[in-house]
Amino acid sequence: QLQLVESGGGLVQAGGSLRLSCVASGSIFRLNTMGWYRQAPGKQRESVATIASSGITNYADSVKGRFTISRDNAKNTVNLQMNSLKPEDTAVYYCNALISRHPVRPAETYWGGGTQVTVSS
């Protein structure tokens, strides 16, 4: 069974740093685009950062210059280094991946269960 498991969330003061990690496990033929999304209370889930299998990255304007996404294809992991954290970064962060489980079948989107990030002022 394929699953994504996040780790690294927690409570940090404004200006601090956290590093999130997500590991994909199970029957995987190819990991395509991977990314991090977040959802704050009362708000819609939003894209934070994505990274293609080529390494091309994309960031939300609100995190540019503060967050860095990276991936390790050999370990099926995607990481999110978050620096200069602000209270408005408080949310549940979800790992997302477009995964091919078969060479000819379409890739499917998978989500992790989420990890809480709380930034105190």
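**View 1. The C22–C95 disulfide is left-handed.** The torsion about its S-S bond is about -80°, so that is the hand it gets. The sulfurs of C22 and C95 sit 2.1 Å apart in this predicted model, and a disulfide here is a pair of cysteine sulfur atoms within 2.5 Å. The structure holds one disulfide. The model is predicted, so local features need pLDDT of at least 70 and side-chain atom pairs count only at pLDDT 80 or more, while totals for chains, interfaces and linings use all residues. Residues are numbered from 1 along each chain as its sequence is written, and side-chain values use heavy atoms, with hydrogens and water left out.

View 2. Strands are DSSP E runs of at least two residues, numbered from the N terminus. Both C22 and C95 are buried, meaning under 20% relative accessible area with a 1.4 Å probe, protein chains only.

**View 3. Strand 9 is mostly covered.** Eight of its ten residues count as buried. Strand 4 (residues 30–39) pairs with strand 9 in the antiparallel sense, over eight bridges; for two strands to pair, DSSP has to find at least two bridges between them. Look for Y37 here, bridged to Y94 of strand 9.

**View 4. Strand 9 also meets strands 10 and 11.** With strand 10 (residues 108–111), the antiparallel pairing runs over four bridges, and N96 has W111 as its bridge partner. Strand 11 (residues 115–120) is antiparallel to strand 9 too, joined by three bridges; there, V92 partners Q116.

Key. Buried < 20%, exposed > 50% of the residue type's maximum accessible area, 1.4 Å probe, protein only.
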